[in-house]
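Look over the sequence and model before reading on.

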Amino acid sequence: MAGTLAEKVWGEHVVRHVDGEPDLLYIDLHLLHEVTSPQAFEGLRIAGRPVRRPDLTLATEDHNVPTTPGPITDPVSKIQVETLRDNCAEFGVRLYPMGDAEQGIVHVVGPQLGLTQPGMTVVCGDSHTSTHGAFGALAFGIGTSEVEHVLATQTLSLNPFRTMAINVTGELQPGVTAKDVILAVIAKIGTGGGQGYVLEYRGEAIEALSMEARMTVCNMSIEAGARAGMIAPDDTTFDYLKGRDHAPAGADWDAAVEHWRTLRSDDDAVFDAEVDIDASTLTPFVTWGTNPAQGSPLGDAVPDPEAMADENERANAAKALEYMGLTAGTPLREVAVDTVFVGSCTNGRIEDLRAVAEVIKGRQVADSVRMLVVPGSARVRLQAEAEGLDQVFTAAGAEWRLPGCSMCLGMNPDTLAPGERSASTSNRNFEGRQGKGGRTHLVSPLVAAATAVRGTLSSPADLELMEGA
Amino acid sequence: MENFTTHTGIGVPLRRSNVDTDQIIPAVYLKRVSRTGFEDGLFAAWRNDETFVLNQPAYRDGSVLVVGPDFGTGSSREHAVWALKDYGFRVVISSRFADIFRGNSGKQGLLAAQVSQDDVELLWKYLDNTPGGEITVDLTAKTVTAGDIVCAFVVDDYTRWRLLEGLDDIGLTMRHEQDVTDFESTRPSWKPVTHSA
């Protein structure tokens, strides 16, 4: 029977199937961080259960870690990180702590180590686990009770997800990135549009993306409400994986690739839903509201809630504009920001930093703007420094930081002050996400860089116009 | 887990949609390593506003939240469920729940009861007209009753069974441990490990 990519990967992991009950699904890789794991380990301890497969489990410290040198000063954050260290030691789980050469945001670390591979099931107590779907893995976020369940049994009890094809046809124009694609997808289907679905991103615009850009797309699947996002593995995937620390080698590599090539939706597979996007019509996209679906092309103005047909949408938009301190009709390009944040599991990889450096090089961050550049992992940081990108950032007046989740959610000291406005390469513009009262505009790395220079939401093309004048 | 059959309590109308888990409990409250005591973080940003529904005496002791569509979107934090439960909520009624939130609720004995948006509007109207009015949620019959309003709600059969019986998920899976061991023996040798066991 014809199947989709998601159905094939699911099928390969069913431990037990009984009609009328959820499937018991085997988990190939379980990633942990300090925020959503302590209560799960506590549950194991109370029940006297061991971690079934420590060798399929990996922990990193990311959400709480400071991005300036020195120890954690917040006593509550410190306890949480120390609790992870104690739990990993007690249960035999490998941990990459602060300062380790392999430390970083959990969704940056897995792929760069080659641990994330096509056809795997990957879970983490973190909704951005969908990132790993870029490799053709079925990867999704889980709650702490499920973290405990996976630690104890290496399985999850789940009902199969429905499948939705996101067909991105045509070719992206220069200056339009993976971030713009996914923001446009979310704006089109809404924050609830993907509920219950695994999204499979397909089409020539997706095939043309690098692995890191594919991770950016899959990362934000959850912002459309989807459980997971996937892209069929191809030569781009295999080239990225080959030679990485945990990738198969020798005869194992050949056997793995032979299998991985079967991991694509059959031509006659039927998706439960399909959405079409023409990549050639996309332009840089930014959010103006307080959920990731409230976005518009950068060339547009702040929308007028009164013009919205749906009553719910209208009320939401009006609330959002009030929180964001925006007036309908203001051109988005005139919205001035205080802070630019480059980083996160969405856009904190080396290609993102290169893109930012390319725009920033030889220019200056506007006097009114503070710019933070936070690499996604220690490896990304070292690579950027080897390429001299850190010099480009600091020469322009930006701050070059240590790796972690940082201002994406402000669990560490990197936060917005009340009323402050950011252009952020992260994934969520919820009220208070980057700090109580903070106002977030989600943008691509290119838009972040140009905005830092011009001081208002901008694309690199705006800089050329500004400088040409 | 405590079992759930029927619950009657004060209904709380929260006239918002897209209430993400960052609104249910902001990240700053997620630093704790305990499993209880999250009630102070519930809707933290909104509770500073004295007009917020939970600050009104009639609704303060509510245990049945009635909220707009797309409740619990965003972050996977189970702390959102803990905060609702620690505050005293036993049921959330909405026309659409985010998947991870719905799953987390089921694990913790918080009933996520899905009704149509028309029924949400009816319940809101009832609670506005009857501040402090009670709602009865019957998991056996899958009905919500408030005054003259009786409506059916949707919950998946497996979650319903587990809630009615108060069953622990890990214990259920452990019954099939041999299946897991058998499956493990069939995994390809090239699948990665994080370190040698």
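The lining of the second largest cavity has four nonpolar, seven polar and four charged residues. Here Ala, Val, Leu, Ile, Met, Phe, Trp, Tyr, Cys and Pro are nonpolar, Asp, Glu, Lys and Arg are charged, and the others, Gly among them, are polar. This is a predicted model, where local features need pLDDT of at least 70, side-chain atom pairs count only at pLDDT 80 or more, and totals for chains, interfaces and linings use all residues. Residues are numbered from 1 along each chain as its sequence is written, chains are lettered from A and ligands numbered from 1 in the order in which they are written, and side-chain values use heavy atoms, with hydrogens and water left out.

**Cavities**

- On a 1 Å grid over the protein atoms alone, a cavity is a set of points where a 1.4 Å probe fits but cannot get out; lining residues have an atom within 4 Å of a point.
- Grid points are joined across faces, edges and corners, and a volume is the space filled by probe spheres set on the points.
- Six cavities of 30 Å³ or more are present.
- The second largest cavity holds about 190 Å³.
- Its lining has 15 residues, with A:Thr290, A:Glu431, B:Arg16, B:Ser17 and B:Asn18 closest to the centre.
- Helix 11 (residues 311-324) of chain A gives the most to this lining, three residues. Helices (H or I, at least four residues) and strands (E, at least two) are DSSP runs, numbered from the N terminus.
- The largest cavity has a volume of about 230 Å³.
- It is lined by 25 residues; nearest its centre lie A:His63, A:Asp126, A:His128, A:Leu409 and A:Arg433.
- Helix 4 (106-112) and helix 12 (344-347) of chain A each give at least two residues to the lining of the largest cavity.
- That lining comprises nine nonpolar, 11 polar and five charged residues.

**Pockets**

- A pocket is an open set of grid points with protein on both sides within 12 Å along at least five of seven lines.
- Helix 11 of chain A, and strand 1 (6-14), helix 1 (21-24) and helix 2 (44-47) of chain B, each supply at least two residues of the lining of the largest pocket.
- By class, that lining has 15 nonpolar, 10 polar and 11 charged residues.
- The second largest pocket has a volume of about 780 Å³.
- It is lined by 30 residues, with A:Asn159, B:Asp99, B:Arg102, B:Asp156 and B:Thr159 closest to its centre.
- Helix 4 of chain B gives the largest share of the lining of the second largest pocket, seven residues.

**Helix packing in chain A**

- Helix 6 (residues 178-189) and helix 8 (residues 211-219) of chain A pack at about 20 degrees, axes 8 Å apart. Axes are lines fitted to C-alpha atoms, for helices over the stretch in contact, and angles run from 0 to 180 degrees between N-to-C directions.
- Helix 6 of chain A is therefore roughly parallel to helix 8 of chain A (angles under 35 degrees count as roughly parallel, over 145 as roughly antiparallel, 65 to 115 as roughly perpendicular and the rest as oblique).
- A:Ala178, A:Lys179 and A:Ile182 in helix 6 of chain A meet A:Ala213, A:Thr216 and A:Val217 in helix 8 of chain A, where contact means heavy atoms within 4.5 Å.
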